[in-house]
Amino acid sequence: KYYSCLFSNNTFEGTVTREAESCEGYATVGGCIGSAYNVSIANCEAEASVAENSVIDYESLNNYFNIGVGGLVGYHYYGFISQSKTKVHLLKGLYNVGGFFGHIEEVDVDACEAECESIEGGYYNAGGFGGYAYGNISNSKSSSISVVANSDVGGFLGSGQGKISNCHSTVTEYLKVTSDVR
């Protein structure tokens with residue numbers, strides 16, 4: 001089932017954590033939304049420390065792509081995000097970790113901002129703005145102090161497919177680690 005809704009003009013502050021020894025479903029954590037399906041997000045702000053516990057057993061998941069940790073949204077399938085921003089102190093997860101979103105599919109992002117202090121991705125796809133994107137991103141920017149992961153690390157985006165236009169990223173300390181950072 002997919003639901004359609006508009007999520008707009010919201011502000012969130014605090015700490016969001018997802019802690020477990022094992023996980024039987026998809027593990028998503030976001031400053032505003034963990035998982036979103038067919039949702040439009042506009043004019044939202046999140047200021048948080050968002051942490052994903054690195055001891056979660058991702059090997060039990062069928063597909064690590066549908067998990068993510070993000071300052072605004074962890075995983076988002078189909079929709080758009082516009083004129084929203086995040087200020088994140090710490091993001092930590094094993095896959096798809098980003099200052100604004102962890103993982104998006106069929107989502108267009110426009111005029112959004114992410115400000116991050118530390119992004120710690122364990123294995124794949126860590127970026128100052130997004131971990132993994134299958135969609136279009138325009139007129140957006142990110143600033144980070146550090147972005148760390150084993151593979152697919154970017155100042156703006158860890159990995160993805162789609163069009164990125166008129167976007168900007170600033171990273172004062174950029175790290176790509178080849179050993180396990182869990």
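Biologist: How does Y77 count by relative accessibility?
Modeller: Buried means under 20% relative accessible area, exposed means over 50%, and partly exposed lies in between (1.4 Å probe, protein chains only). Y77 comes out at 25%, so it counts as partly exposed. Y78 is also partly exposed, because its relative accessible area is 45%. This is a predicted model: local features need pLDDT of at least 70, side-chain atom pairs count only at pLDDT 80 or more, and totals for chains, interfaces and linings use all residues. Residues are numbered from 1 along each chain as its sequence is written, and side-chain values use heavy atoms, without hydrogens and water.

Biologist: What kind of aromatic pair do Y77 and Y78 form?
Modeller: Two values describe a pair of aromatic rings: the distance of the centres and the angle of the planes. Rings of Phe, Tyr and Trp (its six-membered ring) pair if their centres lie within 6.5 Å; planes under 30 degrees apart are stacked, over 60 edge-to-face, the rest tilted. A search of the whole structure finds seven such pairs. Y77 and Y78 make a tilted one, with 6.5 Å from centre to centre and 40° between the planes.

Biologist: Which residues form one aromatic cluster?
Modeller: F100, F101, F129 and F156 do.

Biologist: Where is V73 placed?
Modeller: Strands are DSSP runs of E, at least two residues, numbered from the N terminus. V73 is in strand β7, which covers residues 73-82. V73 has 0% relative accessibility, so it counts as buried. V73 and G98 are 25 residues apart in sequence, yet 9.2 Å apart in space, C-alpha to C-alpha.

Biologist: What separates the C-alpha atoms of L90 and E117?
Modeller: The separation is 6.3 Å, for residues 27 apart along the chain. L90 sits in strand β8, residues 85-98. L90 counts as partly exposed because its relative accessibility is 30%.

Biologist: Which residues form the negative surface patch?
Modeller: E47, E113, E115 and E117 form the patch. Patches take residues with over 30% relative accessible area and no salt bridge; like charges are joined within 9 Å, and nonpolar side chains (Val, Leu, Ile, Met, Phe, Trp, Tyr) within 5 Å. A salt bridge is a Lys or Arg side-chain nitrogen within 4 Å of an Asp or Glu carboxyl oxygen. Strand β10, residues 113-127, gives the most to the patch, with three residues. E113 lies in strand β10. At 36% relative accessibility, E113 counts as partly exposed.

Biologist: What is phi of A111 near?
Modeller: Most residues other than glycine have a negative phi. Phi of A111 is near 55°, a positive value in a residue other than glycine. A111 is found in the loop between β9 (101-110) and β10. With a relative accessible area of 31%, A111 is partly exposed.

Biologist: Where does D152 lie?
Modeller: D152 is in strand β13, residues 151-154. D152 is not a glycine either, but has a positive phi of about 55°. D152 is partly exposed, at a relative accessible area of 32%.

Biologist: How many residues along the chain lie between Q161 and E105 as their spacing?
Modeller: Q161 and E105 are 56 residues apart along the chain, with their C-alpha atoms separated by 9.4 Å. Q161 is found in strand β14, residues 157-161. Q161 is partly exposed, because its relative accessible area is 48%.

Technical notes: Areas by Shrake-Rupley, 256 points an atom, 1.4 Å probe, with all protein chains shown as cover. Lys, Arg positive; Asp, Glu negative; His and termini not counted. Charge placed at Lys NZ, Arg CZ, Asp CG, Glu CD. Helix = DSSP H or I, 4+ residues; strand = E, 2+ residues; numbered from the N terminus.
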